[in-house]
Amino acid sequence: MTDQSVDIRLIERKLAREMASRKQAENLLEQKSLELFEANQKLELAVAQLEKSSAQDILKLEFQQQIDSLLIYFGRAFLDHHLDDVLLSNLVGKVCDTTLVRACYLELKPNLNLGLKKPFYGSEIEVDPNSLKLQWRGSQLDIPLIVNREKIGLLSLKIQDTEQDNQFIEQPLRLIADLLCRAVNRQQIIYRNIESRKKAEQSERATRDFLAMINHELRTPLNGLLGSSELLQDTKLDEHQKELVENLSQSGEFLRVIINDLLDYSKINADMFTLLPRKFEIKSLLKTLSSIFNSKAREKSLSFIVNVSDKVPKAVEGDMERITQIFVNLIGNAVKFTDEGSVTLNLDWHSDSLQFEVIDTGIGISPNAQKKLFQPFTQVDRSSKRNFEGTGLGLAICNQLIQLMGGSIKLESTLNIGTTFTGNIPLSKVEQLASAAKDPAKQLNKLLPKHLSVLVVDDIRMNQIIINEMLTKLNIKPDIANNGVEAVTAAQNKAYDMVLMDCRMPEMDGFEATGKIRELGMKMPIIALTASTTLTEREQCFKSGMDDVLTKPYRSADIQNMLVKWCHN
């Protein structure tokens, strides 16, 4: 073999190795290219998935923010405003504007008493009216609205085609339904409260009107009874007639207390009671009590004793009628339940309060009965048979009146020994009381102008006679008008120093008549004659232009005090 042949063969081998290496390199390059392609494909897929996930998260976040904003806005709107068609339509429209809701339908029962004009809101879609649970029907979500375990409506929503899970979509939309339920429940409560308030106001008006009517119907004839009794006492009577008149006066005072008890109990429970303080003398109170109980005590052979400490002021300011009522009830009970011995009233003064004791030697009260003694309509029968009459309101009213005055009352009692009621009534001490009640007509004339001109306006003949007699005894001859129309005419034709004006009259009542007199520029004092003791009617008296109030039944002393107060020289 020649050297040339050897060289050729070496070159061929070398060339073959280079070609094999090149092919191997190409195969490796192709393999790496494939791997790179596959990696790029995976990367693109990962990027696509990441982009898709981010879009879902963004959509979810956007939807949640929209619902949160909607809840805040309508939560405030439902608190600030009543539910109405505009507000509900606006809510449905805002829900439809969210990214995942295509349509929204709200239906409410028509008998919810919400004042709504429409039965449904939004785009009407097919719903299951009997559904009581949240349910999905394809892409539709139905949420029943439940208030107090009762279905009041339905919220149905068409959901956008999305890969979001149903649970995520449900949660914020259920919050919308809950907000609606709370708003409906709140408005129903408000409407119920409004209706309850209207009924309460109607009941209060009916109670007020009833009490005013009863006041008038009971106190007006009582005014005639007590007024006639007082006038009779000032006439010449034999002993038998005096006894009859005294019985008449005593019965009238007891009747006044019973009427006051019944009316005051009704007014206190209706929150319409008002204390009417005025200045009065303690001896006037004692005179009234003595006139009532002296003869009653004598009938039972009892000693009626009144002890008044030197510390007790001569005059005080308080509701004299109510204070009289308290003592009449306490002393009346003591006399009623005492068959022998005595009934004692002790009065003292301490720390701007009238301290009192009512002591009897009666049959006493058992410990069990004492516990309920101050309850209304309680009649403690302290014997084996019911021998004692009464309304059962007296002690309950005493307790309530004393508490309203800021005082207190308690009792101690022993069976077959007696009972002691102890208490205090805060009162204002009056240093000097300008009163004509203690003076005869001649002394009264020194305090009043001569030829005093008085107009009495009252539609009841009996009241006209009584007040005419009372004024005539004071050397005053009044003019009489039967109603408000006659009163206005009389005031136009004559100048009066005082007008005593009844409030309830036909044709024209005292309020209207007073208003017309004031419109004419007349400034004389006008005093209301009224059987009502309610604050409402008293306020109406002053609002109409009256200057003061004289409550029926009135006494001659009350007329005198009113004359001194408003016509003093």
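**Exercises: salt bridges, a covered helix and a strand residue**

The side chains of K109 and E150 meet in a salt bridge, 4.0 Å from N to O. This is a predicted model, in which local features need pLDDT of at least 70, side-chain atom pairs count only at pLDDT 80 or more, and totals for chains, interfaces and linings use all residues. Residues are numbered from 1 along each chain as its sequence is written, and side-chain values use heavy atoms, with hydrogens and water left out.

**Exercise 1.** Find where K109 and E150 sit in the chain, and classify the exposure of K109 and of E150.

*Solution.* 
- Step 1: Recall the rule: a salt bridge is a side-chain nitrogen of Lys or Arg within 4 Å of a carboxyl oxygen of Asp or Glu. By this rule the count comes to 14 salt bridges.
- Step 2: Locate the partners. K109 is in the loop between β1 (101–108) and β2 (120–122), while E150 is in strand β5 (residues 150–159), 41 residues apart. Helices (H or I, at least four residues) and strands (E, at least two) are DSSP runs, numbered from the N terminus.
- Step 3: Apply the exposure classes: buried is under 20% relative accessible area, exposed is over 50%, and partly exposed is in between (1.4 Å probe, protein chains only). K109 is partly exposed because its relative accessible area is 35%; E150, at 44%, is also partly exposed.

**Exercise 2.** Which parts of the chain does the salt bridge between E246 and R298 tie together?

*Solution.* 
- Step 1: Check the distance: the closest N and O atoms of E246 and R298 are 3.6 Å apart.
- Step 2: Place the residues. E246 lies in helix α4 and R298 in helix α5 (residues 282–299), so the pair ties together parts that are 52 residues apart in sequence.
- Step 3: Classify them. E246 is partly exposed at 27%, whereas R298 is exposed at 53%.

**Exercise 3.** Is helix α8 mostly covered or mostly open?

*Solution.* 
- Step 1: Take the buried residues of α8 (residues 394–404): eight of its eleven residues are buried, so the helix is mostly covered. Among them are L395, I397 and L401.
- Step 2: Look at what they pack against: α4 (239–269), α6 (320–336), β10 (353–360), β11 (408–414) and β12 (418–426).
- Step 3: Look past the helix: G406 follows α8 and has a positive phi, near 90°.

**Exercise 4.** Is S342 buried or exposed?

*Solution.* 
- Step 1: With a relative accessible area of 17%, S342 is buried.
- Step 2: List its contacts (heavy atoms within 4.5 Å). Leaving aside neighbours within four places in sequence, S342 touches S303, I305, I359, D360 and T361.
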